[in-house]
Amino acid sequence: MMNIVLHEPEMPANTGNIGRTCMAAGARLHLIAPLGFRLDEKSLKRAGLDYWHDLDVTLYDSYADFLDRNPGITLYMATTKGRRLYTEVAWGPDSWMMFGRESAGIPEEILVRHPDTAIRIPMNPGIRSLNLANSVAIVLYEALRQQDFACMQREGQLHRLHW
């Protein structure tokens with residue numbers, strides 16, 4: 001199962017949207033405090049629709065707490081400062097992807113200790129960053145594509161009409 005890690009997220013609507021994406025992708029969500037909102041906020045649950053109560057979500061007191069509780073993982077860190085593209089990673093079925101807070105990203109004090117797992121999404125020059133929820137979806141679905149969307153529904157159906 002894929003693992004999405006949000007380091008100190010600030011906006012409940014983004015986190016709710018990411019939670020919904022995790023449900024659609026069969027991924028776990030890990031939240032590293034401090035959070036910029038309460039987990040019972042309406043905007044968080046509204047963005048996550050009726051999926052939030054079924055989401056596999058774990059809350060951590062700090063980055064150190066996260067590392068202590070998840071020893072031995074390879075943690076890819078999405079950042080505009082990354083040297084490698086997210087498409088250059090050979091994603092496995094139990095990959096870990098961390099994304100930073102909306103206003104500042106992942107702290108450089110963390111990034112400098114992990115230059116080989118800092119990844120980036122290409123963007124045009126002059127653009128500071130993508131929306132956090134969009135970034136998560138881009139990277140997560142590349143990892144799922146590399147796994148040939150294992151165990152996911154691959155066909156759709158029309159509700160009223162027929163093909």
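Thr117 occupies the loop that connects helix H4 (108-111) to strand E7 (118-120). In this predicted model, Thr117 has a relative accessibility of 15% and therefore counts as buried, the cut-off being under 20%. Beyond its neighbours within four places in sequence, Thr117 is in contact with Thr74, Leu75, Tyr76 and Met77.

- Strand E4 comprises residues 75-78 and pairs with E7 in the parallel sense, over two bridges.
- Within this region, Met77 stands opposite Ala118 of E7.

**The sheet**
- An open sheet is formed by seven strands with parallel pairing, in the order E3-E2-E1-E6-E4-E7-E5.
- Strand E3 (57-60) and strand E5 (84-85) stand at the edges; each has a single partner strand, so one side of each is left without a neighbour in the sheet.

**Helices across the sheet**
- Helix H1 lies across strand E1 (3-7) and strand E2 (28-32), and its direction is at about 155° to E2.
- Helix H5 (residues 132-146) lies across E1, strand E6 (96-99) and E7, running at about 165° to E6.

**Helix H1 in detail**
- H1 spans residues 12-25, and its 14 residues reach 20 Å from the first C-alpha to the last, close to the 20 Å expected at 1.5 Å a residue.
- The buried residues of H1 are Pro12, Asn14, Thr15, Gly16, Ile18, Gly19, Thr21, Cys22 and Ala25.
- In an α-helix there are 3.6 residues a turn, so residues three or four places apart point the same way.
- Gly26 follows H1 and has a positive phi, near 70°.

Methods. Residues are numbered from 1 along each chain as its sequence is written. This is a predicted model: local features need pLDDT of at least 70, side-chain atom pairs count only at pLDDT 80 or more; totals for chains, interfaces and linings use all residues. Side-chain values use heavy atoms; hydrogens and water are left out. Helices (H or I, at least four residues) and strands (E, at least two) are DSSP runs, numbered from the N terminus. The expected span of a helix is 1.5 Å times one less than its number of residues. Buried means under 20% relative accessible area, exposed over 50%, partly exposed in between (1.4 Å probe, protein chains only). Contact means heavy atoms within 4.5 Å. Two strands pair if DSSP finds at least two bridges between them. Axes are lines fitted to C-alpha atoms, for helices over the stretch in contact, and angles run from 0 to 180 degrees between N-to-C directions.
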